[in-house]
Amino acid sequence: MERYAGRVALVTGASSGIGAAIVQALLRRGITVVGLARRVDRIKALEIKGAPGKLYAVGGDVRQEEDILKAFKWINENVGGVDILINNAGVLGYSDLTVAPSEEWKKILEINVMGLSICTREAVQGMLKRGVDDGFIVHISSVAGILPPSSSSISMYAASKHAVQVLTEGLRKDLLEKKSGIRVTAICPGLVKTEIMDNSKEIDKDKVFSQLPYLEPEHIANAVVYVLSQPPIVNVPQLVIQPVGQRRISDV
Ligand code: NDP
């Protein structure tokens with residue numbers, strides 16, 4: 001992990017839940033963190049007094065390509081470019097295939113798949129241009145990306161996370177062809193207590209979190225630290241983390 005002290009990590013979806021925990025874990029390890037999300041004040045509030053890393057909060061909506069490009073421009077001009085990209089921004093959305101409005105599906109796919117892909121392209125192009133061979137791309141995917149949907153209410157969400165899994169492997173192959181040492185990891189969490197279900201009318205979050213075992217965001221941040229801490233020859237393509245005794249949301 002020392003190799004990344006003073007280097008720059010971009011964390012998308014930094015204002016809450018897993019993203020916020022990752023920001024703080026990286027700040028504690030001396031990394032310069034740029035947090036990107038729409039709620040900038042919440043990112044600023046993550047600053048830790050006395051932590052060796054420096055935090056910058058950048059406002060932006062990952063559904064808007066120009067917001068992403070602006071964020072990368074700011075990073076390139078002010079802190080020197082992204083060495084580590086944590087593609088974390090994501091929404092659950094209203095997924096049912098027979099009833100949900102197209103606008104909901106569009107939102108899920110634009111944030112979870114398109115936003116992630118645009119950030120990846122910009123980060124990798126910058127790393128290659130700057131000759132960064134130990135860069136890192138982490139996708140916060142989900143167990144919903146490796147298993148069939150546990151209920152109809154997460155169909156499109158699960159489809160978006162399956163896409164993330166395929167994109168992770170596609171990126172790894174792309175980097176292999178470019179003979180780059182940039183590493184790629186998909187972290188697949190099970191249920192984590194965050195705000196992700198706060199706006200869901202289809203899922204009763206109080207019932208879910210009272211009846212199912214869940215992880216805390218810090219457990220996922222620890223997983224990010226673990227993959228970043230491995231020596232350059234070690235790549236962890238996929239890391240699945242579930243709470244002990246995990247069942248499916250549809251069982252609640
Ligand atoms: P939260 O709802 O707590 O956080 C989501 C984050 O994404 C927020 O910081 C939010 O910031 C950001 N975000 C949402 N929409 C946009 C947007 N249009 N532009 C920029 N940022 C956006 O959820 P989690 O922490 O749980 O989710 C983080 C990731 O973890 C997601 O990819 C999710 O799919 C994944 N995950 C979560 C699991 C869970 O059980 N919680 C399980 C498996 C995976 P803001 O609103 O300020 O823009």
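Arg7 and Asp134 are both buried (under 20% relative accessible area, with exposed meaning over 50% and partly exposed in between; 1.4 Å probe, protein chains only). Their side chains meet in a salt bridge, 2.6 Å from N to O (a side-chain nitrogen of Lys or Arg within 4 Å of a carboxyl oxygen of Asp or Glu). Arg7 sits in the segment before β1 and Asp134 in the loop between α4 (102–130) and β5, so that distant parts of the chain, 127 residues apart, are linked (helices are DSSP runs of H or I with at least four residues, strands runs of E with at least two, numbered from the N terminus). The model is a predicted one, in which local features need pLDDT of at least 70 and side-chain atom pairs count only at pLDDT 80 or more, while totals for chains, interfaces and linings use all residues. Residues are numbered from 1 along each chain as its sequence is written, and side-chain values use heavy atoms, leaving out hydrogens and water.

Across the whole structure, a search finds 16 salt bridges. Glu195 takes part in a pair with Arg39, at 3.7 Å from N to O. Because Arg39 lies in the loop between β2 and α2 (40–44) and Glu195 in the loop between β6 (183–189) and α6 (205–211), this pair ties together parts 156 residues apart in sequence. Glu195 also forms a salt bridge with Arg42, with the closest N and O atoms 2.7 Å apart. Arg42 belongs to helix α2, so here the parts tied together are 153 residues apart in sequence. Shared partners also join Arg3, Arg7, Asp83, Arg130 and Asp134 into one network of salt bridges.

Ile22 lies in α1 and counts as buried because its relative accessible area is 1%. Beyond residues up to four places away in sequence, Ile22 touches Val11, Ile86, Ile140, Ala221 and Val224 (contact means heavy atoms within 4.5 Å).
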